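Biologist: I have not looked at this one before. Can you walk me through it?

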Amino acid sequence: MSLLQADLRLAGRLDARFFALLQALQQTGSLQRAARAAGYSYKGAWLLLDQATNLAQTPLVQAQQGGRGGGGSQLTPAAQALLQAWQQLQQRQAEFLRAQQAWLLDQFHDQPELAALLRRRAMKTTARNQFVGRIAALTHGPSTVQVRLELPGGLPLRAAINAEAAAALDLQIGQEALAMVKASEVVLVQDFAGYKLSASNQLAGTISRLEKGATGALVGLTLPGGMQLTASVTHDAVEALDLRVGQPATACFKAYAVMVAVAG
């Protein structure tokens, strides 16, 4: 897991995407296919290569004459040398960052909470809701393992994962775990009207944020202890429930909607 990141550029302009274009061109011999692989339009790739050629003051790409295999493009020796230098720089940068990461973690040797925070934040995920807790109970079934996490403040959170995944994670009681829930999986309830829901997770809190977007709204709920939970709802739902900041609400989501991660 990488705790440090750095944006490597040559001459302030030539970045990883540019060199991905060069590498794809080297592999395919086709600027059109290389542009598609690197996420450029054909015209955009040509313009970028023209600018780079002007800066280098030497050709980077040369056309191949047509034949049985048709025409194409290939890197010049100058471009190949530039690409090779970039690949070596990437390796050197990765080694440098690994060394700095080890130094950083060593600074927090006596403060494991800060080191754990860095590791958690280093994980990249689209799930808006991320909660850190400890595994309080494991219930093994024929094909599913029920996991009960205890969040700060004693709040319970339940997850259901298949037995194979649980075995791969080697879950243990007392182990720290990260629970992730997509905002779209959360249903907000203001009034149960005497009904009980089957959702394993029902966390009561107070609406603290309401952000309306073009296609929907994000509703932030503050839970006991100050933890934040986000739900993605439609504009119709906001209007129908008359959702407002300061109102109480309960976030409900199924155990199967919870993804569990543990340190590798």
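Modeller: What follows goes from the whole chain to its sheets, cores and a few helices. Keep in mind that this is a predicted model.

Biologist: Fine. How many helices and strands are in the chain?

Modeller: The chain has seven helices and twelve strands.

Biologist: And what share of the residues counts as buried?

Modeller: Of 264 residues, 36% count as buried. The accessible surface of the chain is about 16100 Å², and carbon and sulfur atoms account for 50% of that.

Biologist: Let's do the sheets. What is the strand order in the one with β3?

Modeller: That open sheet has five strands, ordered β5-β4-β3-β6-β12, with antiparallel pairing. Its edge strands are β5 and β12, each of which pairs on one side only. From one strand to the next, the twist averages 45°.

Biologist: Which residues face each other across those strands?

Modeller: β4 and β5 are joined by seven bridges, and L149 has L157 in β5 as its bridge partner. β3 and β6 have six bridges between them, with V132 partnered by L178 in β6. On the other pairing of β6, three bridges join it to β12, residues 259-261, and there A179 stands opposite V260.

Biologist: β6 keeps coming up. How many of its residues are buried?

Modeller: Five of the six, so β6 is largely enclosed by the rest of the structure.

Biologist: Now the sheet with β8. What is its order?

Modeller: β7-β11-β8-β9-β10, an open sheet of five strands with antiparallel pairing. β7, residues 187-189, and β10 are the edge strands, pairing on one side only. The twist there averages 45° from one strand to the next.

Biologist: And how many bridges join β8 to β11?

Modeller: Six, and the two strands run antiparallel. Along that pairing, Q202 stands opposite C252 in β11.

Biologist: Switching topic: how many residues are in the largest nonpolar core?

Modeller: There are 36 in the largest nonpolar core, and V147, L188 and L229 have the most contacts inside it. Several strands supply at least two residues each, including β3 (129-140), β4 (144-150), β6 (176-181), β8 (201-212) and β11 (248-253).

Biologist: On to the helices. Which residues of α2 are buried?

Modeller: In α2, residues 31-38, the buried residues are L31, A34, A35 and A38. Seen down the axis of α2, they fall within an arc of 100°, so they line one face of the helix.

Biologist: What do those buried residues pack against?

Modeller: They pack against α1 (16-28), α3 (42-56) and β2 (72-75).

Biologist: And which exposed residues are on the face turned away?

Modeller: That face of α2 carries R36 and A37.

Biologist: What follows α2?

Modeller: G39, whose phi is positive, near 85°.

Biologist: Last one, A79. Where is it, and is it buried or exposed?

Modeller: A79 is in helix α4, residues 77-107. A79 is buried, with a relative accessible area of 0%.

Biologist: What is it in contact with, again leaving aside neighbours within four places in sequence?

Modeller: A79 is in contact with L22 and L60. A79 and L22 are 57 residues apart in sequence, but their C-alpha atoms are 7.7 Å apart in space.

Key. Residues are numbered from 1 along each chain as its sequence is written. This is a predicted model: local features need pLDDT of at least 70, side-chain atom pairs count only at pLDDT 80 or more; totals for chains, interfaces and linings use all residues. Side-chain values use heavy atoms; hydrogens and water are left out. A nonpolar core is a set of buried Ala, Val, Leu, Ile, Met, Phe, Trp, Tyr and Cys residues joined through side-chain atoms within 4.5 Å. Buried means under 20% relative accessible area, exposed over 50%, partly exposed in between (1.4 Å probe, protein chains only). Helices (H or I, at least four residues) and strands (E, at least two) are DSSP runs, numbered from the N terminus. Accessible areas come from the Shrake-Rupley method with a 1.4 Å probe; for residues, only the protein chains shown count as cover. Two strands pair if DSSP finds at least two bridges between them. Axes are lines fitted to C-alpha atoms, for helices over the stretch in contact, and angles run from 0 to 180 degrees between N-to-C directions. The arc is that of the directions from the helix axis to the C-beta atoms. Contact means heavy atoms within 4.5 Å.
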